[in-house]
Amino acid sequence: SFQPTHPLALAPVTSPPHSVDGFVREFLRELNTDAGVTLSRSTVNDQYLSLARTVRHYLSARWLENTRKVRETKAKMVGYLSAEFLLGRQLGNALLATDLEEIAEKALAECGIDIATLRAQEVEPGLGNGGLGRLAACFIDSLATMGVPCIGYGIRYEYGIFRQTFVDGRQVEQPDTWLSLGSPWEFPHPEHAVQVDFGGHTETYTDGDGVERTRWVPAWNVLGMPYNYMVPGYQNGQVNTLRLWSAQATKAFDLPTFNSGDYADAVRAQTFAENITKVLYPEDSTPQGKELRLQQQYFFVACSIRDFLDRFILDGDVTTLPERVIFQLNDTHPVIAVPELMRVLVDIEKLDWDAAWAITKQCFAYTCHTLLPEALEVWPTELLGRLLPRHLEIIYRINDEFLAEVRAAYPDDELRARQMSIIAEYPERSVRMAYLATVAGSKVNGVAELHSQLLRDKVLHDFSEYWPEKFTNVTNGVTPRRFMRLANPGLSGLITETLGTGWLTDLERLAELEPYAEDADFRDAFVKIKEANKTRLYRLLQARDGVALPGHHLLDVMVKRLHEYKRQSLKLLHIVSIYEQIITGKVALDQITPRTFVFGAKAAPGYRIAKETIYLINSVAKVVNSDPLVKDVLKVVFPANYNVTLAETLIPAADLSEQISLAGKEASGTGNMKFALNGALTIGTDDGANVEIRKLVGDEHFFLFGLAEPEVAELQAKGYHPHEYYESDPQLKATLDLIASGHFSGGDRSVFEPLVSNLLYDDRFMALADFKDYAEAQARVDAAYADQETWARSAVLNVARSGFFSSDRSMRDYIDRIWHTQPLR
Ligand code: C3B
């Protein structure tokens with residue numbers, strides 16, 4: 001460190017003046033000196049980048065101060081380890097957090113610029129697939145807003161989730177080049193790069209004190225380059241950090257090879273290294289078990305642990321680690337951090353094994369986000385041992401000691417020990433990452449009440465019996481800053497007019513809206529806002545996708561990843577069923593509630609059935625939308641590339657939220673919460689957080705249908721035969737027959753044959769079993785919607801009763817039940 005003498009260097013860092021003139025000055029300086037252009041010659045992109053950097057100026061002082069305070073007070077931090085952070089656009093959130101929305105708008109207007117144009121210029125960082133990544137983004141927003149020290153650690157993918165396009169109705173993936181026009185929100189720190197090793201072998205040696213030790217002799221390594229992002233709290237002067245790692249070759253290129261003339265060989269190392277953080281795996285909930293994926297996982301957690309120790313354990317006393325950090329494992333993706341911390345403590349810091357294990361067990365907690373058995377990550381020991389030989393040894397030892405405990409606790413129950421082993425022997429020897437996380441974690445939580453119960457009863461049953469106190473629930477939440485205040489300024493304004501300020505950081509206060517459900521003026525204002533949100537959406541879809549939508553329809557929305565268990569196909573069967581009843585004259589047009597159905601969903605590129613489902617939705621949309629008979633009552637739209645940005649316009653416009661997964665399959669859902677908070681009514685199964693939503697908003701304001709989880713289990717056990725439903729329900733039969741007939745495929749019966757057969761003879765997620773009940777629930781929706789006043793009352797009550805679903809509340813629960821950290825004073 002050095003001793004500055006200039007008085008300015010000694011003074012604390014300050015923010016620029018919070019005024020229009022101050023803002024204009026900062027903005028022009030950015031434009032002129034950083035972008036190097038004059039205002040009159042600048043492009044929209046220059047202006048956007050300069051605006052973003054200008055807003056950053058207003059955050060830096062607080063950020064630096066925050067970091068200093070955390071170091072100085074040695075406050076315990078949350079280290080949120082997540083392979084995904086699905087942030088969404090940054091500009092709007094940063095302007096809101098700094099309370100600069102009006103100032104910036106005026107300042108730019110005085111420069112002749114419409115801020116809306118610049119907002120639209122931002123490409124969102126799509127560094128996640130879906131719910132899990134978006135949850136991480138909500139959590140870090142809440143922690144910053146609550147002033148709880150947190151550092152998010154993840155991966156700076158050069159290409160995030162693919163950009164979805166449709167070509168003749170089929171999904172075609174385009175690379176997500178989110179960095180190509182500049183990335184004004186990040187601070188690269190090459191000087192803090194961390195080396196990460198891979199491969200090789202281990203050997204034993206005797207150290208200076210005569211102690212037998214193991215060391216890892218790796219075969220190759222890469223560098224992890226940190227990129228910092230500011231995570232601003234909502235108007236509280238608190239700024240946390242998100243640190244994302246990018247892989248680089250250790251030697252930019254190999255000079256001798258280069259000199260010998262083989263340029264291609266010389267840069268090969270670089271390409272190889274950089275591949276590690278090149279692209280986000282687009283599988284959601286179903287891991288692919290690819291070697292590169294394990295490289296990504298180890299890469300980012302190794303960087304993060306090293307980084308944390310170097311930055312926050314300044315005296316080098318690693319035994320204090322549990323007082324300084326709790327690493328939250330966001331699903332199994334970062335679980336390799338457990339043996340990594342053991343390796344650091346034992347091999348590098350030279351702690352003895354038991355001391356290291358005692359520390360490690362206090363430093364981790366594990367969140368499970370799934371119930372699908374195929375979604376639980378396992379790594380073949382062959383692969384893990386080849387890539388991380390020392391880590392495999394450590395895992396074996398953790399397992400040996402754990403199984404010894406289990407055998408002692410349950411003598412003569414070898415089956416139990418086998419079941420609980422971190423190492424699976426069949427179908428190939430592999431490491432069960434969820435079990436490793438459960439053994440190492442101080443706590444294990446599910447993400448909704450029902451999910452946590454099923455984890456205890458089924459997925460991790462033996463573990464919950466052995467360590468009942470280890471298991472807990474924290475129901476997910478969403479940040480009201482982004483999903484209410486930014487996404488729905490109309491409704492937020494009405495709420496503030498009605499309740500005053502403060503509700504945005506104390507969302508349970510929405511309960512104070514209850515009496516207004518009975519207030520006709522309030523309901524009127526509420527309905528007008530919903531209509532305005534629909535108009536805003538229709539304008540966007542017109543501009544973005546060239547579709548024109550009628551204004552007066554019930555807007556029925558299903559947006560989430562395309563997955564069989566989420567049952568987009570069930571929604572589609574309902575649409576086809578209505579259509580079939582109209583074209584065959586079973587129902588008269590005037591009996592139909594006019595509806596627009598919106599889908600938004602990306603399918604994993606290798607997920608065949610999911611992609612076929614997309615093709616079917618688009619094919620049905622094409623036929624329905626061009627049929628003059630139904631043009632006034634049915635529309636089906638599927639805007640491509642559903643992402644956080646589109647969600648922010650779509651959700652506030654929706655009347656009906658579709659949450660129709662098979663009971664026992666959706667861990668929680670978080671879209672369901674966003675819809676309810678924006679005044680949509682839910683049609684849903686008793687699954688995930690739907691259960692809690694329904695309990696809170698009340699049965700009369702929620703359209704429940706379908707098998708409950710125990711009924712699903714029972715039906716599964718007795719044998720599920722989907723074709724029986726087809727045979728016994730004429731409307732279901734007519735619906736499937738229409739699809740099979742080639743009606744939506746230009747007469748070609750073969751096109752959708754695989755999908756239809758799959759439903760008839762396999763239907764893993766029991767769409768046919770729930771069809772009838774679903775259609776009946778939809779009829780109740782129609783009846784309810786016919787009475788606009790009652791509908792509006794229900795919509796208001798949905799908002800008033802959903803305050804529980806703020807991610808601030810989730811964070812309080814994590815703090816109380818798992819982390820035991822304190823806000824920074
Ligand atoms: C998702 C689950 O599918 C959702 O039910 C849940 O709401 C979110 O996580 C957040 O908890 N999930 C995901 O997006 N990706 C996974 N790999 C596993 C679960």
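Trainee: Are helices H7 and H34 roughly parallel or roughly perpendicular to each other?

Mentor: H7 and H34 are roughly perpendicular to each other (under 35 degrees counts as roughly parallel, over 145 as roughly antiparallel, 65 to 115 as roughly perpendicular, the rest as oblique). H7 and H34, the latter spanning residues 807-819, pack at an angle of about 80 degrees, and their axes are 9 Å apart (axes are lines fitted to C-alpha atoms, for helices over the stretch in contact, with angles from 0 to 180 degrees between N-to-C directions; helices are DSSP runs of H or I with at least four residues, strands runs of E with at least two, numbered from the N terminus). This is a predicted model, in which local features need pLDDT of at least 70 and side-chain atom pairs count only at pLDDT 80 or more, while totals for chains, interfaces and linings use all residues. Residues are numbered from 1 along each chain as its sequence is written.

Trainee: Which residues in H7 meet H34?

Mentor: Contact is judged by C-beta atoms, placed from the backbone, lying within 7 Å. Here Cys138, Phe139, Asp141, Ser142, Leu143, Thr145 and Met146 in H7 meet Ser807, Asp808, Ser810 and Met811 in H34. By class, that contact has five nonpolar, four polar and two charged residues (Ala, Val, Leu, Ile, Met, Phe, Trp, Tyr, Cys and Pro are nonpolar, Asp, Glu, Lys and Arg charged, the others, Gly among them, polar).

Trainee: At what angle do H23 and H24 pack?

Mentor: H23 (residues 568-583) and H24 (residues 608-625) pack at about 20 degrees, with axes 11 Å apart, which makes H23 roughly parallel to H24. The residues in H23 that meet H24 include Leu572, Ile575 and Val576, and their partners in H24 include Leu616 and Val620. The residues of this contact divide into eight nonpolar, three polar and no charged.

Trainee: Into which domains is the protein chain divided?

Mentor: Using bounds from an automatic or database domain assignment, the chain is divided into domain 1 (74-88 + 124-165 + 190-371 + 441-475 + 814-819) and domain 2 (480-805). Their C-alpha centres lie 36 Å apart, and the contact takes 32 residues from domain 1 and 26 residues from domain 2. On the side of domain 1 that touches domain 2, H7 gives the most, with five residues.

Definitions and conventions:
Two residues are in contact if their C-beta atoms, placed from the backbone, lie within 7 Å.
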